[in-house]
Amino acid sequence: MPNMSKTKVPMPVQEPDVRNRNFSEVALGYTEDMAVEEAERCINCKHKPCVAGCPVNVAIPEFIALVHERKFEEAYYKILETNALPAVCGRVCPQESQCEQVCVRGKLGEPVGIGHLERFVADWYMKNVHKLIKPAAPNGHKAAVVGSGPAGLICAADLAKLGYDVTVFEAFHATGGVLVYGIPEFRLPKNIVNHEIDNLRELGVKLKTNMIIGRAFTIDELFEQGYEAVFIGTGAGLPSFMNIPGENFNAVYSANEYLTRVNLMRSYDETYDTPIMKSRAVAVIGGGNVAMDAARCAKRLGAETVYIVYRRSEVEMPARIEEVHHAKEEGIIFKTLTNPVRITGNERGYVNGMECVEMELGEPDASGRRRPVEKKGSEFMMDVDTVIVAIGTSPNPLIRTTTPGLETNKYGGLVVEDTTNMTSRKGVFAGGDAVTGAATVILAMGAGKKAAKAMDEYIRGVIPADS
Amino acid sequence: MVTITSVAPRRFFGMEGFKLDRQMFEVMTKETLNSMTKRMQVYAPHIANKARPGQFIIFRVNEKGERIPLTVADTDKDTGAVTIIFQEVGKSTKELGELEIGETVLDFVGPLGKPSELDRIGRAAVVGGGLGCAIAFPQAKYLFNSGTQVDIIAGFRTKDLVILEDDMKAVSQNFYMCTDDGTYGTKGLVTDVLRGLIESGEKYDKVLVVGPLPMMKFVSLLTKEFGISTIVSMNTIMIDGTGMCGGCRLTVGGETKFACVDGPEFDGHLVDFDEAIRRSGMYKDIEGEKNAQHVCRLEKM
C-alpha cells in the first residue's frame, strides 16, 4: 500500500538565521528512512508522465521502486543510465516545472519528491560506495568537447560510454562551468561537482583546463589534431548591463563577476586572495535564479540589507519558487515593481545610492507577461553601497568569431539542426546556453545528450557528412 | 644591469605533456630587470604559437591566488616560451617572482584579447612609461620589423628603474630616454619629450602609448591637440579574460567596452581615463591588507 500522504516528506534544512551567515549547504538531505517513506508515495502509475517530463528521461519510477526496496546502489545505477550528474540535478533542477509538474500525485496534493530522492540516491552512493567506474572499450575515435559546463560534461560522458577518446577543453582553471562559478556552494557544494567530474575521469574523459578554444586552438585546428567531431558547450557567459547612468561606478558588479569572485575564487574564505567589496547595503537587479543566488551570497558576506529589485511583480519572477522562498526566509527584501533609473556615486567613484521608479503592470507584452510601465513622478532613492546587475547573459562570441561558417541567430546563439544539434558546420555540434541563451542546467544536459548521440552517428557515418 | 640567473634545459612535450587536467607551465628563465621588475619565460607552446603583439595571458600562482593579467612581452615558437615582464607590486606578482627556474606556474592561459593593429603605419612614436615599456617593446619590435619608422620615448621615475634600454634601442630609429628626476636621459615626462618632437616638426602617423593610466591620459590629450591618432593599452582589473565578468569594463566614446575582448587596445582620444583610474583603484584598501599579510619565502628561512 503506497504512502498516501498529500505532502512530501519535508527536507531538513539549516535554520534561516543560521544559514544566512554561512556558506554550507542549505538543504541537508533525506535520511534512508525519509527516502524510503517518500519513495512509498510513488504509486508506480502506468503511463509514467515524469519520465517524459525529464529532459534526460531518467527512469524515475524504476529508481524510486529500488529506493523503496532499499536497493540504493542499484537505484544509483538506474539513474546513471541516462544522467551522469545525479547529485547536481537532484539539487538544481527545477523539478516543479518538469518531472514533478506532471506527477500524478500532484493532482491531489504534492507530487512525489523526485528531486529529493534523486539527490538522496546520489549522496548515498557517494558516501557508501567506492567503486571505480570501468571505462568502455576504446572504439578508436576521437571527439572534442569545448566547455566543461553541464552540456559539455554530459556530452563527454555519453561519448566516453560509447568508447570514444574524449577531450574536454575548459577556459577557466577549474572544470564545471556554471556549476562552479555560478551556482553558490550553499546550493551546490563544489565537492559534489568535483566528485561527479571525477566519475567522468574514471570513464576515461580527459579534461584540459586553461585552454581557450578560438584563441589557443581554433575549431578547425581541433579537426586537424584528429578530433572527428566537436561539441560546443560554451554557455551564455556574456553579462548584460542596463545602460543606465552610473553603471561603471566602483562596486557595481555583473552577477557573473560577483558570483565568480564568491564561488570560483572563494572570496568568502579569508585564506583566498580574491578581493570583494565589504558591502553594507546591496541592491540586486533582476528576478531570476541568478539574482537570488547573488542576493543570498551578499547576505552571507555580511551585508546588513540586501534588496531584490525587479521591475515586474513577484508572479512574473522567473526564479524558482523555492529559491524565492529561501531568499525571503534569509531576510532578503523584495522590491518588486521597481526599476532602477540611475546609480549615484561619491567623489571617489564608489556607489552611494540608486534612484528607482515605481512600476505598474500594463497590457501583456510579447512574452505574454504584463508589461511594466513607469508610474510618473514616483522616483525615489535607495540607500545602497553595492549594485549587482543580474538581468541576463548572452552567448560568448569567442568561438563564433573565430570559426568560419558558423551560423548564429540575432542573439548570438549558435543555430543548430533540431534533431541532431549539428551546427551549420559539418561535424560541429552545439548545445546548452550557447544555443538557447541562458536557460537551465538540465536543458543544457538534455542538449549535450542529444548531441552525443548524433556525434556518434555522424562519426559512424549514420548521418552522412554531406547531408 | 640585466642578470640572467640561469637557463632551464630546453624541453618539448607538446600536447601530451598535460598531467591530469593541467599542463605544466614551467619557468624556463628568470631575470631581474630592476629592483622591482622581473622577466620570465614560461613554457606554454600553444600560447607561444599563437600570441601576437598586444595580446595578454592570465596567470595564477597557487590554488588560493588571484587571476592576474599580463601582456605577452615576447614569444619563441621554437622553445615554446612565452615571455612576461612584471612588477612585484601585489601579493600574486610577488609570489610569481619567487618561483625558481624549473618550478611551475599553476595556471597560465591565453592568448587573450585582440592583437594590435600595427600594419601599414609609415612612422610611429611608441611611448612607454615604466613597466609599460615591457608592453611597448614587442609592439615597437613588430613595427620596426615590418618596415615602420619607429621613434621610442621611454620614461622612468629614476635611473635605477630603467629597463629594456638596449632592447628598445635595437628596434627604433630614434630612442629618447627621460626620467622624472633627471638621473638619466632628459629630465622630465614623456609628454614633454613628445611635445618637443612634434613641435620641432616630427610627423607621426600613429602614437602608441603604454604606461600608467595618468600618463596615457596626458599623452592622449597632447596628441589630440595635434590630431595624431593614438592607441593606448588598458590593463584593467579582470577575472576570466574572456568577456564573462565585465569587471574590466570601461567607457570608450560613450560606450561601455570590455578591455578583455574588445581591447586591450583602444583609441586614446575616446577612452574615459578618469573613470578607468577610479575603477583601477577599486580594491586598493583590501589589496593593502592582503599585501601586508604576505611574507617572502626568504624571510621565512
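## A covered helix in chain A

What covers the buried residues of α12(A) includes α9 (178–181), β5 (238–239), β6 (252–254), α13 (289–300), β14 (386–389) and β15 (393–394) of chain A. This is a predicted model, in which local features need pLDDT of at least 70 and side-chain atom pairs count only at pLDDT 80 or more, while totals for chains, interfaces and linings use all residues. Residues are numbered from 1 along each chain as its sequence is written, chains are lettered from A and ligands numbered from 1 in the order in which they are written, and side-chain values use heavy atoms, with hydrogens and water left out.

Helix α12 of chain A spans residues 255–264 and is mostly covered, 10 of its 10 residues being buried; buried means under 20% relative accessible area, against over 50% for exposed and partly exposed in between, with a 1.4 Å probe and protein chains only. Helices (H or I, at least four residues) and strands (E, at least two) are DSSP runs, numbered from the N terminus. Among the buried residues of α12(A) are the charged-group names Glu257(A) and Arg261(A), and they also include Tyr258(A), Leu259(A) and Val262(A). Just after α12(A), Arg266(A) takes a positive phi of about 55 degrees.

## Aromatic pairs

Over all chains, a search of the whole structure finds 13 aromatic pairs, where rings of Phe, Tyr and Trp (its six-membered ring) pair if their centres lie within 6.5 Å, and planes under 30 degrees apart count as stacked, over 60 as edge-to-face and the rest as tilted. The pair of Tyr76(A) and Tyr125(A) is stacked, because the ring centres are 3.7 Å apart and the planes lie at 10 degrees. This pair links distant parts of the chain, with Tyr76(A) in helix α5 (residues 72–80) of chain A and Tyr125(A) in helix α7 (residues 114–128) of chain A, 49 residues apart. Tyr76(A) counts as buried at 3% relative accessibility, and Tyr125(A) is buried with a relative accessible area of 6%.

An edge-to-face pair is formed by Tyr253(A) and Tyr258(A), at 5.2 Å centre to centre and with 65 degrees between the planes; both of these residues are buried. Ring pairs also link Phe23(A), Phe186(A) and Tyr268(A) into a cluster.

Ala160(A) is found in helix α8 (residues 150–161) of chain A and counts as buried at 3% relative accessibility. Leaving aside neighbours within four places in sequence, Ala160(A) is in contact (heavy atoms within 4.5 Å) with Ala136(A), Val166(A), Leu203(A) and Val205(A). The C-alpha atoms of Ala160(A) and Arg201(A), which are 41 residues apart along the chain, are separated by 9.6 Å.

## Chain B and a helix pair

The secondary structure of chain B comes to 10 helices and 17 strands, and buried residues make up 58% of its 301 residues. Of the contacts in chain B with a separation of 6 or more, 64% are accounted for by residues 24 or more positions apart.

Helix α6 (residues 213–226) and helix α8 (residues 273–280) of chain B pack at an angle of about 175 degrees, with their axes 10 Å apart; axes are lines fitted to C-alpha atoms, for helices over the stretch in contact, and angles run from 0 to 180 degrees between N-to-C directions. The helices α6(B) and α8(B) are therefore roughly antiparallel to each other, a term for angles over 145 degrees. The contact is made by residues including Leu213(B), Pro214(B) and Met216(B) of α6(B) and Phe273(B), Ala276(B) and Ile277(B) of α8(B).

Key
Angles under 35 degrees count as roughly parallel, over 145 as roughly antiparallel, 65 to 115 as roughly perpendicular and the rest as oblique.
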